[in-house]
Amino acid sequence: PDRNNPNPMDKLYKGDSTDLYLDGLNNGMKWSGDDDLQIVMAPGTNGNGLRVREFFHTASTTSAILLRGSSTRTGYKGVVILRRAPLGLTGTRIGFSPAAHDTNDGSGLVPRDARYAWHFAEPGITLGTLILEEPACHR
């Protein structure tokens, strides 16, 4: 992946990024559904740091998502921290799909080099299941 995504925050998905699609109620992903999230993590402009944005419910989710990581000359790595209750992730099973986007030039104007995802399936969006458990130290 490129270590640069020149797109503004509201268009991060047009450049290199890693996405998480989450279905909080595990009841079927609906684009912009009340319990569904699209979290996009991308390198910063000019290769500076990492950025994150949730696209379906931006106003109510921004403060509940933290991203820690760095951009290196060979790519980027990071850890995303999701505050479960504010994001509606209160159950023990949620729908889950990661995706990775690699673009030719990072502008979103030319075809993508690659898109890796399992959520684009027929007859509709299909997610895997992520099982959430309370850590043993909190039981």
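**Loop between β1 and β2**

I looked up N26 and placed it in the loop between β1 (17-23) and β2 (36-43). Strands here are DSSP runs of E with at least two residues, helices are runs of H or I with at least four residues, and both are numbered from the N terminus. I am working with a predicted model, in which local features need pLDDT of at least 70 and side-chain atom pairs count only at pLDDT 80 or more, while totals for chains, interfaces and linings use all residues. I number residues from 1 along each chain as its sequence is written, and the side-chain values use heavy atoms, with hydrogens and water left out.

N26 is not a glycine, yet I found a positive phi of about 55 degrees for it. Most residues other than glycine have a negative phi. I noted N26 as partly exposed because its relative accessibility is 33%. The cut-offs are under 20% relative accessible area for buried, over 50% for exposed, and partly exposed in between, with a 1.4 Å probe and protein chains only.

I then checked S32, which sits in the loop between β1 and β2. S32 has a positive phi of about 70 degrees and is not a glycine either.

**Aromatic rings**

I counted 3 aromatic pairs in the structure. Rings of Phe, Tyr and Trp (its six-membered ring) pair if their centres lie within 6.5 Å; planes under 30 degrees apart are stacked, over 60 edge-to-face, and the rest tilted. One of the pairs is W31 with F56, edge-to-face, at 5.1 Å centre to centre and 65 degrees between the planes. This pair links distant parts of the chain: W31 is in the loop between β1 and β2, F56 is in the loop between β3 (50-54) and α1 (58-61), and the two are 25 residues apart.

Is F56 buried or exposed? I have F56 as buried, because its relative accessibility is 12%. W31 is partly exposed, with a relative accessible area of 46%. I also recorded one aromatic cluster formed by Y21, W31 and F56.

**Nonpolar cores**

I listed the largest nonpolar core next, and it has 12 residues: L20, L22, L37, I39, M41, A64, I65, L67, L87, L89, I94 and L132. A core of this kind is a set of buried Ala, Val, Leu, Ile, Met, Phe, Trp, Tyr and Cys residues joined through side-chain atoms within 4.5 Å. β1, β2 and β4 are the elements that give two or more residues to this core. The largest share, 3 residues, comes from β2. In soluble globular proteins, nonpolar side chains tend to be buried together.

For L20 I noted contacts (heavy atoms within 4.5 Å). Leaving out residues up to four places away in sequence, L20 touches L37, Q38, I39, M41, V80, F96, S97 and P98. Another core, of 5 residues, lies apart from the largest one and includes Y21, M29, F56 and A99.

I found S17 in strand β1. S17 is buried, because its relative accessible area is 1%. Its side chain makes a polar contact with the side chain of D19 at 3.1 Å. I take a polar contact as a pair of N or O atoms within 3.5 Å; within protein, one must be able to donate a hydrogen and the other to accept it, and residues adjacent in sequence count only if both atoms are side-chain atoms. Not counting residues up to four places away in sequence, S17 touches L12, V40, M41, A42, Y76, A99, A100 and H101.

N4 lies in the segment before β1. I have N4 as partly exposed, because its relative accessibility is 30%. Apart from neighbours within four places in sequence, N4 is in contact with P43, G44, T45, N46 and G47. The C-alpha atoms of N4 and Y76 are separated by 9.6 Å, and these residues are 72 apart along the chain.

**β4 and β5**

How many bridges join β4 to β5? I counted 8 between β4 (residues 65-72) and β5 (residues 75-82), which run antiparallel. Two strands pair if DSSP finds at least two bridges between them. β4 and β5 form a hairpin with 2 residues between them. L66 stands opposite I81 in β5.

**Whole protein**

I count 2 helices and 8 strands, in the order β-β-β-α-β-β-α-β-β-β along the sequence. Of the 139 residues, 37% count as buried.
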